[in-house]
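The report below goes through a structural model section by section, from overall content to local backbone features. Please read it alongside the sequence and coordinates.

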Amino acid sequence: MTDLQPEPAPGPALLAAESTAPVSARGDVWRRFRRNRLAVIGLVVLTLLVLAAILAPLITFYDPAKLDPVLSRKPPSLKHWFGNDLLGRDLYTRVVYGSRVSLRVGIFSVVIALALGLTAGAAAGFYGRWIDSVLMRITDVFLAFPYILAAIAIITVLGRGEAAVIFVLGGLGWMSFARIFRSSILSIKETEYIEAARALGASNFRIIRRHLFPNAIQPVIVYATIFVGTAVLSEAALSFLGVGITEPKPAWGLMVAQGKSFLIGSPHMLFFPGAAIFVTVMAFVFVGDGLRDALDPRLRGG
Amino acid sequence: MVVPVVVGAVSLLFVVFYIVPGNPVDSLAGERAVNADTRRVVEAKFGLDKPWYVQYGKYWQRLSHGDLGRSYAQGRSVNTMLKEKAPNSIRLAVWALGIEVLIGIAAGVLSAVRRYSFLDTLTTVSTTMVVAVPVFVLGYLLQYMVGVYTFQHNYPTWARFPVSGVGGDHWHLFLIPAADTWKSVVLPAITLASVSTALVARMMRTTMLEVMRADYMRTAAAKGLSRTQVVFRHGLKNAMIPVVTLIGLDLANLIGSAVLTETVFSWPGMGTTIATAIGALDSPVVQGFTIVLVIAYVLINLLVDVSYAFFDPRIRYGAGSAD
């Protein structure tokens, strides 16, 4: 994303900063990230989202579950910013509370996917040989399955609900983490600085902890950020299809599913939750892209 | 590569449905209680009373004859259902793939050739945004714009689109629309293609930018070839390999999006059929349709591998290693 503008010439302040004592690697990453306008916008949106999720009761004015038949499908007004849904519940309140559901699903499923993926990837990358082939064949089989179909199948077995969605998204999402972690381990294992560390007499544990892990984890962090976004998207899709979160929980996908029947008279019922999904996913993608460019400037697209 | 994936997938499908706690007999009966005799008769009819290894053996035997079994819920042959639904899905997929390839590659090449132009910015921003729009929201957005708004505001007929169904049966050679039938397919096709088109455009742009820096591009220009010839004959052909790979791998996502797209547009295809069948625990339908999809996916990726040789003559199959 950053290559929209030609690289700005470093100003005097920047040159001065670069000529002073060595900048820490972390500070360097942050400096590069900050220069990426879209990534910063994404980060701001994410911060607002997290705040909205935490402070939901303070920034909304109604009970998300309060029914009011009189207000059914009322268009947006000053009192109800996003209008009301079929059951007369305030949509703004429900959209704000929906961020809690989405963020919970996104974060917990990425934790599961990370745990499984890093374990499999590390096993394949470190030990190689038959463990590697077996694990990689398994990921091939999993990847050949259409994600949504597999998710629907498993949720039909497990029963619907938030826990099932988290479990399924994490359980079906680990393959890419395994592949990414494995390939970065394999490429880093062959680098000269690992050889140098070994020649200097560093122990295996030290090499893994100080050199291998911090470098191999970088592409994983980038993918994890984007994964949270896609998990939010998948959760919405599953809820929309009726195999995800269940009423009365305020999930964005459910709101869209309810709004779809009233596209003619009350399009607001579909567009506000739809926009919420869009903005959230967008923010995660921007931050992920920004992190990738900041962590490894060589990988910049274009 | 093809065989293990298909065998693995077929077995996985069997296992998933073998361990499903819900019994198909119960879901067939709906809310009513099933008496023990009826249960035994129905289970015997579908062979559910046999131990798992017998069922697994029979399952393979059946599949090897090309028989996908019989639907629990509808009692019809899955092969017949497939013949009914597959053409609709293939038509939608071909249109979506056409949009993906044409628009994706064109946008990618143009934004690489005219880097930093308005068009490039537009491509970069829109491809990032499209990835974040849920397929179903995009579908309804399109429906609202040309299917609801244009009707409510009395727009001319050409701007009004039907929002559901496959439309009339006026097709030439299955794919070429006659009369107004294109209106039924174009909205779902755009919806289905959206995310993949964005991915193709981004990939095309990146590889094209890389290729344009290559020495042979300068050589070609120095030989006196026109810019069009350089870009298309030398640039595009060399930049195609990663893009073709992406198109092949992305098919699994396309199938997933098809479930959503078909739901949004009430398109009677394979995606919605599978989704409904999963809910009804109708395992023969799910297994049969999914096996066909997985095989199609694997075969298309095989085709993708073979197509590398066309784009890069240095890649030759079966003739030892490439130089």
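## Chain B as a whole

Chain B of this predicted model contains 13 helices and two strands, where helices (H or I, at least four residues) and strands (E, at least two) are DSSP runs, numbered from the N terminus. Of the 323 residues in chain B, 46% are buried, buried meaning under 20% relative accessible area, exposed over 50%, and partly exposed in between (1.4 Å probe, protein chains only).

Among the contacts in chain B with a separation of 6 or more, 70% are between residues 24 or more positions apart, a contact being heavy atoms within 4.5 Å.

## Basis of the model

Residues are numbered from 1 along each chain as its sequence is written, while chains are lettered from A and ligands numbered from 1 in the order in which they are written. Because the model is predicted, local features need pLDDT of at least 70 and side-chain atom pairs count only at pLDDT 80 or more, whereas totals for chains, interfaces and linings use all residues, and side-chain values use heavy atoms, with hydrogens and water left out.

## Helix packing in chain A

Helix H8 of chain A (residues 162-189) packs against H10(A) at an angle of about 155 degrees, the two axes being 9 Å apart; axes are lines fitted to C-alpha atoms, for helices over the stretch in contact, and angles run from 0 to 180 degrees between N-to-C directions. H8(A) is therefore roughly antiparallel to H10(A), given that angles under 35 degrees count as roughly parallel, over 145 as roughly antiparallel, 65 to 115 as roughly perpendicular and the rest as oblique. The contact of H8(A) with H10(A) comprises 18 nonpolar, five polar and two charged residues, with Ala, Val, Leu, Ile, Met, Phe, Trp, Tyr, Cys and Pro counted as nonpolar, Asp, Glu, Lys and Arg as charged, and the others, Gly among them, as polar.

Helix H5 of chain A (residues 91-127) also packs with H10(A), here at about 140 degrees and with axes 9 Å apart, so H5(A) and H10(A) are oblique to each other. Residues making this contact include Val105(A), Val110(A) and Leu114(A) of H5(A), and Leu212(A), Phe227(A) and Val232(A) of H10(A). Divided by class, the contact of H5(A) with H10(A) has 16 nonpolar, three polar and one charged residues.

## Tyr144(B) and its contacts

Tyr144(B) belongs to helix H7 of chain B (residues 135-152) and is buried, its relative accessible area being 18%. Apart from neighbours within four places in sequence, Tyr144(B) contacts Leu263(A), Pro267(A), Phe271(A), Tyr149(B) and Gln152(B).

## Backbone features in loops

In chain B, Tyr116(B), a residue other than glycine, has a positive phi near 70 degrees and sits in the loop between helix H5 (78-113) and helix H6 (118-132); with 37% relative accessibility, Tyr116(B) counts as partly exposed. Ser266(B), also not a glycine, has a positive phi of about 45 degrees, lies in the loop between helix H11 (251-264) and helix H12 (270-279) of chain B, and is partly exposed at a relative accessible area of 47%.
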